[in-house]
Amino acid sequence: MIRDPELDFGVTLHTVVIHLVKNAHTIPEPVVKAAQGFEDASWAKQDPATKRTRLLEVAKHTEEPSPIHRHFESYPHAFSKEQYAAYLGALKRYKDSLGIP
């Protein structure tokens, strides 16, 4: 089954955001706005250049060495770490699909 990289990214981003909300972690505004964009379907309506710009901003706040990355690296539960790893994989595939190295 071929998965849509954009949809996969949106689903896994929501999982990360939900975890962060439940664990009282500060969520950077670009991450919240991206998650909201998937929720209200406005993300899909953006042009590719805007998606690339916004995705790079989200990646800056969620990839290593960000505070969010450090949070998940030190989190004691394997399930949460696996969900974050799934997010990172989806992020990479989505970046690749948009031509972001």
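## Ground rules

The model is predicted, so local features need pLDDT of at least 70 and side-chain atom pairs count only at pLDDT 80 or more, while totals for chains, interfaces and linings use all residues. Residues are numbered from 1 along each chain as its sequence is written, and side-chain values use heavy atoms, with hydrogens and water left out.

## Helix 5

Let's start with helix 5, which covers residues 78-97. (Helices are DSSP runs of H or I with at least four residues, strands are runs of E with at least two, and numbering goes from the N terminus.) Helix 5 has 20 residues and spans 29 Å from its first C-alpha to its last, close to the 28 Å expected at 1.5 Å a residue; the expected span is 1.5 Å times one less than the number of residues.

The buried residues here are Ser80, Tyr84, Tyr87, Ala90, Leu91, Tyr94 and Lys95. (Buried means under 20% relative accessible area, exposed means over 50%, and partly exposed is in between, with a 1.4 Å probe and protein chains only.) Looking down the axis of helix 5, these buried residues fall within an arc of 135°, so they line one face of the helix; the arc is taken over the directions from the helix axis to the C-beta atoms. On the other side of helix 5 sit Phe79, Glu82 and Lys92, which are exposed. The cover over the buried residues of helix 5 includes helix 1 (5-22), helix 3 (48-62) and helix 4 (67-74). After helix 5 comes Gly99, with a positive phi near 75°.

## Helix 3 and its partner

Helix 3 has 15 residues and reaches 21 Å from first C-alpha to last, close to the 21 Å expected at 1.5 Å a residue. Its buried residues are Lys51, Leu55, Val58, Ala59 and Thr62. Down the axis of helix 3, they fall within an arc of 100°, so they line one face of the helix. Thr53 and Lys60 are exposed on the other side of helix 3. The buried residues of helix 3 pack against helix 1, helix 2, helix 4 and helix 5.

How do helix 3 and helix 5 pack, and at what angle? The angle is about 150°, with the axes 11 Å apart. (Axes are lines fitted to C-alpha atoms, for helices over the stretch in contact, and angles run from 0 to 180 degrees between N-to-C directions.) Helix 3 and helix 5 are therefore roughly antiparallel to each other; angles under 35 degrees count as roughly parallel, over 145 as roughly antiparallel, 65 to 115 as roughly perpendicular and the rest as oblique. The crossing of helix 3 and helix 5 is left-handed, meaning that the near helix is turned anticlockwise from the far one by less than a right angle, whereas clockwise would be right-handed. On the helix 3 side, Lys51, Leu55, Val58, Ala59 and Thr62 meet Tyr84, Tyr87, Leu88, Leu91, Tyr94 and Lys95 of helix 5. (Contact means heavy atoms within 4.5 Å.)

## Helix 4 against helix 5

Helix 4 and helix 5 pack at about 140°, and their axes are 8 Å apart. That makes helix 4 oblique to helix 5. Ile68, His69, Phe72 and Glu73 of helix 4 make the contact with Ser80, Lys81 and Tyr84 of helix 5.

## Two buried residues

Asp8 lies in helix 1. At 7% relative accessibility, Asp8 counts as buried. Leaving out residues up to four places away in sequence, Asp8 touches Arg3, Ala90 and Arg93.

Over in helix 2 there is Ala34, buried with a relative accessible area of 0%. Ala34 touches Leu13, Trp43, Arg54 and Val58, again not counting residues up to four places away in sequence. Ala34 and His61 are 27 residues apart in sequence and 12 Å apart in space, C-alpha to C-alpha.

Most residues other than glycine have a negative phi, and most peptide bonds are trans. Ala24 has a positive phi near 55°; Ala24 is in the loop between helix 1 and helix 2 (29-39) and is exposed, at 71% relative accessible area. Ala41, in the loop between helix 2 and helix 3, has a positive phi near 70° and is partly exposed at 41%.

Which form does the peptide bond from Glu64 to Pro65 take, cis or trans? The bond is cis, with omega near 10°. Pro65 sits in the loop between helix 3 and helix 4.
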